[in-house]
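Dear colleague,

Please find below the structure that I am handing over to you. My findings follow directly after it.

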Amino acid sequence: MAHFAELDENNIVQRVIVVHNNELLVDGVESEQKGIDFCLAHYGGRWIQTSYNANFRGIYAGAGCIYNEALDVFVAPELEAE
């Protein structure tokens, strides 16, 4: 399973959903873009993948977290203010 965070216009996470791996496969390899396309087709909005195990993009995104586009990481709201 893969997790995708919906971002608002200020890069604040609105929600996180789970997408089945079958929706991500391109020639047997997972594709983040394919997952984003799936989310867009079903929910609209702006989506980016987050890692449940925090293997990439900093922390696991949750509602209220902020996506720092320049660093390509999610941060807790209290850390972004510093």
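The count of disulfides is zero, where a disulfide is a pair of cysteine sulfur atoms within 2.5 Å. The sulfur of Cys39 has its closest cysteine sulfur in Cys65, at 17 Å, which is too far for a bond. Cys39 is buried, with a relative accessibility of 0%, and Cys65 is buried as well, at 10%. Here, buried means under 20% relative accessible area, exposed means over 50%, and partly exposed lies in between (1.4 Å probe, protein chains only).

Please note that this is a predicted model, in which local features need pLDDT of at least 70 and side-chain atom pairs count only at pLDDT 80 or more, while totals for chains, interfaces and linings use all residues. Residues are numbered from 1 along each chain as its sequence is written, and side-chain values use heavy atoms, with hydrogens and water left out.

Turning to the overall fold, the protein has two helices and seven strands. Helices (H or I, at least four residues) and strands (E, at least two) are DSSP runs, numbered from the N terminus. Starting at the N terminus, their order is β-β-β-β-α-β-β-β-α. The radius of gyration, taken over C-alpha atoms, is 12 Å, close to the 12 Å that the globule rule gives for 82 residues, so the protein is as compact as a globular protein of that length. The globule rule is 2.2 Å times the number of residues to the power 0.38. Along the principal axes, the C-alpha atoms fill a box of roughly 45 × 25 × 20 Å.

Of the 82 residues, 37% count as buried. The accessible surface, from the Shrake-Rupley method with a 1.4 Å probe, is about 4900 Å², and 51% of this surface belongs to carbon and sulfur atoms. Contact means heavy atoms within 4.5 Å; among contacts between residues at least 6 apart in sequence, 41% join residues at least 24 apart.

Which residues make up the largest nonpolar core? There are nine: Ala2, Phe4, Ile17, Val19, Leu24, Ile36, Phe38, Cys39 and Trp47. A nonpolar core is a set of buried Ala, Val, Leu, Ile, Met, Phe, Trp, Tyr and Cys residues joined through side-chain atoms within 4.5 Å. Strand S1 (2-7), strand S2 (13-19) and helix H1 (32-43) each give two or more residues to this core, and H1 gives the most, with three. A second, separate core has eight residues, including Leu7, Val13, Ile48 and Ala61.

Yours sincerely
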